[in-house]
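Subject: Structure for your review

Dear colleague,

Please find below the structure that I am handing over to you.

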Amino acid sequence: MADYPRSLPEFQQLFPGEAECAGYLTEIRWPDGFRCPACGHAHAWALETKAWTYECSKCHRQTSVTAGTVMHGSKLPLSKWFWAAYLMATHSNGISAVQLKSQLGLGSYKSAWLLCTKLRRAMVDPDRSPLAGLIEVDETAINYRTKDEPVSGGQGRSHDGKIAVVGAVEVIDEHPGRLRLACIPDYSADSLHAFVKANVATGVTAKTDGWSGYPGMPEVNHEPHVIGSTAAHVILPWIHRVFSNLKTWALGVYHGLRRKHLQAYLDEFVFRFNRRRSRHAAFRRLLGFSVTMPPATYNMLIEPEAKG
Ligand SMILES: [Zn+2]
């Protein structure tokens, strides 16, 4: 079997039905063969009475291919999950829940939103390595909207209706490498340094503007550039382009981002940016993270700060 589909006809050919989707997930989840999640035993029977479910020959625990994953307990057919993952991973701008509802013929906005939200949780590679080499670091403010209202945004220097976001991008041979973005409570040294510490390898060279929150970043060679407002895009061209694309994307696809879910949307943007040269492989990666991530409760999804 091909590793992943490279076009819609290939997608159709690879996944004509539920059985092919289940087979693909089984292969991704247990590349070295089935492992019982309860006892670790390697031998199981496929149950004839329950679809895509195996019974451990030692402890008799029954495990479906989606049990204990992001897809756990979903009423949707696997084919809908596959289409959603394909559209979210391969489309250059992703797809909103509203668009997904109509493209997949889903019954309600809520089920489309849950599908997107669950897949979005699987967009952070749990084993990703920190940014390295030369990086640009900068901060910006993103307008957000409340549930039923359009995008609000403070004018001028006010940050009402805006959320502070910090970003770092690698620069490799004068081209952008990998990206990280995070919501931060403010632009203080504490917030900025914590972001750098969590996302950047020891010994990187970090270019920033002259903002007072940057000096003293841990384990980093700091290259501050004191610049006028017009020249920032010259000194830090890549992170500026990222911020500009992020804002256009947020308005174009989502008509503004919701404050509560902002980090998840940033993660989605980063997932797609970091795989912009391998969008079709990203589909398999997304399903791969989906079967290694534990399921989230409904409350964890609607209130991202709640821990379950
Ligand atoms: Zn077992």
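The model is a predicted one: local features need a pLDDT of at least 70, side-chain atom pairs count only at pLDDT 80 or more, and totals for chains, interfaces and linings use all residues. Residues are numbered from 1 along each chain as its sequence is written.

Overall form

The protein has eleven helices and nine strands; helices (H or I, at least four residues) and strands (E, at least two) are DSSP runs, numbered from the N terminus. Its C-alpha trace spans about 70 × 45 × 40 Å along the principal axes. Of contacts between residues at least 6 apart in sequence, 55% join residues at least 24 apart, where a contact means C-beta atoms, placed from the backbone, within 7 Å. Buried residues account for 30% of the 308 residues. A residue is buried if 20 or more other C-beta atoms lie within 10 Å of its own, exposed if 12 or fewer, and partly exposed in between, with C-beta atoms placed from the backbone.

Leaving out residues up to four places away in sequence, A85 touches L119, F283, L286 and L287.

In helix α6 (residues 189-199), the buried residues are L192, F195, V196 and N199. They cover an arc of only 95° around the axis, which puts them on the same side of α6; the arc is that of the directions from the helix axis to the C-beta atoms. These residues pack against β4 (134-145), β5 (162-172), β6 (175-183) and β7 (205-209). The face turned away from the buried side of α6 carries the exposed residues D190 and A198.

Helix α8 (residues 237-254) buries W238, I239, V242, F243, L246 and A250. Seen down the axis of α8, its buried residues fall within an arc of 140°, so they line one face of the helix. Their cover includes β4, β5, β6, β9 (257-258) and α9 (262-274). Exposed residues S244, T248 and G252 are on the face of α8 turned away from its buried side. After α8 comes H255, with a positive phi near 55°.

Individual residues

E268 is in helix α9 and is buried, with 22 other C-beta atoms within 10 Å. Apart from neighbours within four places in sequence, E268 is in contact with G94, R120 and M123. E268 and R121 are 147 residues apart in sequence, yet 8.5 Å apart in space, C-alpha to C-alpha.

Although not a glycine, W52 has a positive phi of about 50°. W52 lies in the loop between β1 (44-46) and β2 (53-56) and counts as partly exposed, with 19 C-beta neighbours inside 10 Å. E219, also not a glycine, has a positive phi of about 55°. E219 is in the loop between β7 and β8 (221-225) and counts as exposed, with 11 C-beta neighbours inside 10 Å.

Yours sincerely

Definitions and conventions. Contact = placed C-beta atoms within 7 Å.
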